[in-house]
Amino acid sequence: TLTLPGIAGFILSIGMAVDANVLIFERVKDELRRGNTLIRSIEAGFSQAFSSIIDSHFTTLISCIALFNLGTGFVKGFAATLGIGVTLSLFTALTCTRVILRFLLNYQSLRKPNNFLPLNQLPNSTL
């Protein structure tokens, strides 16, 4: 049965997944602004965001373990739901997002930097 604390844990884990992807894409945009190619920008963006994502997710997982061990009833449900969601979020942010971006790079129409940056922030380099 999904309770209100379980739903709150689920929503919080979705928020963490969105945050991880925002970190990655902001780092990719920073690399594009520096004039790197799209492929190098994606790899650099993932490597730069990796430590921040790992830190935030493991800190949350430690909190989930503490809540699950010390809590009762609804608190345990919240901790379990949040822990499962954060674990899945960590996997999808570091693995699935990278695979999807690499897959999309195979399409020539998507390999233009102007698809990722506003026109006033485009570098002078090409792929």
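A crossing of two helices is right-handed if the near helix is turned clockwise from the far one by less than a right angle. The views below are taken from a predicted model.

**View 1. The crossing of helices α1 and α2 is right-handed.** Helix α1 covers residues 4–33 and helix α2 covers residues 38–70. Their axes lie 7 Å apart and form an angle of about 150°. In the contact of α1 with α2, twelve residues are nonpolar, seven are polar and two are charged.

**View 2. The whole chain is built from three helices and zero strands.** Read from the N terminus, the order of elements is α-α-α. The chain has 127 residues, of which 31% are buried. For contacts in the chain between residues at least 6 apart in sequence, 68% join residues at least 24 apart.

**View 3. T97 is a buried residue of helix α3.** Helix α3 spans residues 74–104, and T97 belongs to this helix. The relative accessibility of T97 is 13%, and T97 therefore counts as buried, the cut-off being under 20%. Leaving aside residues up to four places away in sequence, T97 touches N21, F25, F46 and T92.

**View 4. F10 of helix α1 is shown together with A79.** F10 has a relative accessibility of 47%, so F10 counts as partly exposed. Along the sequence, F10 and A79 are 69 residues apart. In space, 9.9 Å separates the C-alpha of F10 from the C-alpha of A79.

**View 5. I11 of helix α1 is shown together with L82.** I11 counts as exposed because its relative accessibility is 54%, and the cut-off for exposed is over 50%. I11 and L82 are 71 residues apart along the chain, and their C-alpha atoms are separated by 8.5 Å.

**View 6. The charged end of K76 sits over the ring of F68.** The distance from the charged end of K76 to the centre of the F68 ring is 5.2 Å. As for pairs between aromatic rings, a search of the whole structure finds zero.

Conventions
Residues are numbered from 1 along each chain as its sequence is written. This is a predicted model: local features need pLDDT of at least 70, side-chain atom pairs count only at pLDDT 80 or more; totals for chains, interfaces and linings use all residues. Side-chain values use heavy atoms; hydrogens and water are left out. Axes are lines fitted to C-alpha atoms, for helices over the stretch in contact, and angles run from 0 to 180 degrees between N-to-C directions. Helices (H or I, at least four residues) and strands (E, at least two) are DSSP runs, numbered from the N terminus. Ala, Val, Leu, Ile, Met, Phe, Trp, Tyr, Cys and Pro count as nonpolar, Asp, Glu, Lys and Arg as charged, and the others, Gly among them, as polar. Rings of Phe, Tyr and Trp (its six-membered ring) pair if their centres lie within 6.5 Å; planes under 30 degrees apart count as stacked, over 60 as edge-to-face and the rest as tilted. A charge sits over a ring if NZ of Lys or CZ of Arg is within 6 Å of the ring centre and within 35 degrees of the ring normal. Buried means under 20% relative accessible area, exposed over 50%, partly exposed in between (1.4 Å probe, protein chains only). Contact means heavy atoms within 4.5 Å.
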